[in-house]
Amino acid sequence: MASLTNITGGLKYQGLLESVMFSTLTTVPCCVFLLVNAAMLMTLRSRPLFRETPRYLLLLNLLCADTAQMALSQLLYLLAASRAPLTYPPCGVLVMLADLTNRVSPLTLLVMSLERYVAVCHPLRHATLVTARSTAVAVAVVWAISWMNVLTRVVLLLDFPFKDLQSLQMADFCSKDRMMLGVVSEVYDRGYTYFLFASTSVVVASSYVAVTMAARSASSGGASARRARDTLLLHLVQVGLSLSSTLYSPVLVALSRSVSRLLFVRLQNVLYVAIFIFPRCLSSLIYGLRDKSIRPVLLQHLSCGLTLSIGTTRPHFHMRDV
């Protein structure tokens with residue numbers, strides 16, 4: 001979870017009406033995207049095909065992480081906007097949970113890219129290597145790595161002399177930056193973030209190159225390879241959007257030096273929606289609209305069970321539409 005740096009200072013330059021307006025403008029799209037993600041999660045649990053196919057299981061894990069991250073991010077935003085007083089312990093719990101889900105997403109994209117690589121470049125071994133059991137193990141490893149990162153940060157926080165504080169009440173709003181209570185914690189977080197996104201980008205890009213070469217050389221099954229290539233390209237976009245959240249604070253620092261305070265606060269809210277809210281719904285939009293197996297079921301859920309023209313016929317499931 002990227003921090004909402006300097007929002008408290010900016011809110012001093014907003015009137016109450018403008019503060020409410022910005023909170024509404026961020027909460028409404030967040031709620032809409034949460035509903036879309038919820039419909040997508042219901043879709044992935046509605047058919048045996050979705051519950052048993054490895055790539056849909058990975059998508060389910062990605063959506064769970066993105067949905068939780070979106071909800072926690074908006075909660076922290078509203079706490080900051082309302083200037084709700086918090087102590088360090090509950091703030092630490094919220095920040096750590098947000099960071100946990102934020103780290104799960106790129107690791108899941110890495111596994112999804114490897115699955116597509118095996119499906120296209122080693123099709124004869126795909127059914128053996130990529131099973132529901134092996135996928136469950138991969139998902140467990142992803143969460144274990146993310147939990148280890150959180151536990152490491154907790155251990156680093158234990159070195160901070162909390163007993164010297166007059167009160168555990170936070171003087172400012174709750175954010176990730178406010179929980180960086182030492183140089184070591186900050187260096188570790190920056191190093192882990194750079195390593196995570198660099199390794200994920202390398203794996204996804206390498207898979208994309210391999211699948212592209214397979215698509216060009218394939219005499220048969222080229223359409224499936226091209227679909228996998230397009231999916232990997234979208235994975236790269238998702239990784240890039242996740243990485244953009246790490247640039248949020250530096251961008252805000254640069255803007256604060258070049259624009260007025262009022263304009264700064266407005267741009268801050270726009271960037272928050274663009275960087276934190278929208279990317280968390282990208283997975284639903286990508287897979288829900290592109291996958292011929294998911295699309296009719298998702299539209300039925302989004303229409304609250306109403307009969308749609310696209311859903312009047314029984315959908316034909318294709319295993320490699322993405």
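## Helix H4 against helix H5

How close do the axes of helix H4 and H5 come, and at what angle do they cross? In this predicted model, the axes of H4 (residues 54–81) and H5 come within 8 Å. They cross at roughly 155°. Angles over 145 degrees count as roughly antiparallel, and that makes H4 roughly antiparallel to H5.

The crossing of H4 past H5 is left-handed. Sorted by class, the H4 contact with H5 has 16 nonpolar residues, six polar ones and four charged ones.

## Helix H5 against helix H8

H5 covers residues 88–121, and H8 covers residues 183–217. Their axes come within 9 Å and cross at roughly 20°. The cut-off for roughly parallel is under 35 degrees, and H5 and H8 are therefore roughly parallel to each other.

H5 passes H8 in a left-handed crossing. The contact of these two helices has 16 nonpolar residues, along with five polar and four charged ones.

## The largest nonpolar core

In soluble globular proteins, nonpolar side chains tend to be buried together. Here the largest nonpolar core has 32 residues. Which residues have the most contacts inside this core? They are Met40, Leu44, Phe50, Leu59, Met112 and Ile294.

Several helices each supply at least two residues of the core. Among them are H4, H5 and H8, as well as helix H2 (16–44) and helix H3 (48–52). Helix H7 (132–157), helix H12 (282–290) and helix H13 (295–302) also belong to this group. H4 gives the most, with seven residues.

## An aromatic pair at Phe50

A pair of aromatic rings is described by the distance of the centres and the angle of the planes. The model has two aromatic pairs. In one of these, the rings of Phe50 and Tyr56 have centres 5.0 Å apart and planes at 80°. Plane angles over 60 degrees count as edge-to-face, so the pair of Phe50 and Tyr56 is edge-to-face.

Are these two residues buried or exposed? Phe50 has a relative accessible area of 1% and is buried. Tyr56 is buried too, with a relative accessible area of 2%. Phe50 is also among the residues with the most contacts inside the largest nonpolar core.

Leu232 lies in helix H9 (residues 222–244). Its relative accessibility is 0%, and Leu232 counts as buried because the limit is under 20%.

How far apart are the C-alpha atoms of Leu232 and Tyr208? The separation is 5.6 Å. Along the chain, Leu232 and Tyr208 are 24 residues apart.

Key. Residues are numbered from 1 along each chain as its sequence is written. This is a predicted model: local features need pLDDT of at least 70, side-chain atom pairs count only at pLDDT 80 or more; totals for chains, interfaces and linings use all residues. Side-chain values use heavy atoms; hydrogens and water are left out. Axes are lines fitted to C-alpha atoms, for helices over the stretch in contact, and angles run from 0 to 180 degrees between N-to-C directions. Helices (H or I, at least four residues) and strands (E, at least two) are DSSP runs, numbered from the N terminus. Angles under 35 degrees count as roughly parallel, over 145 as roughly antiparallel, 65 to 115 as roughly perpendicular and the rest as oblique. A crossing is left-handed if the near helix is turned anticlockwise from the far one by less than a right angle, and right-handed if clockwise. Ala, Val, Leu, Ile, Met, Phe, Trp, Tyr, Cys and Pro count as nonpolar, Asp, Glu, Lys and Arg as charged, and the others, Gly among them, as polar. Rings of Phe, Tyr and Trp (its six-membered ring) pair if their centres lie within 6.5 Å; planes under 30 degrees apart count as stacked, over 60 as edge-to-face and the rest as tilted. Buried means under 20% relative accessible area, exposed over 50%, partly exposed in between (1.4 Å probe, protein chains only). A nonpolar core is a set of buried Ala, Val, Leu, Ile, Met, Phe, Trp, Tyr and Cys residues joined through side-chain atoms within 4.5 Å.
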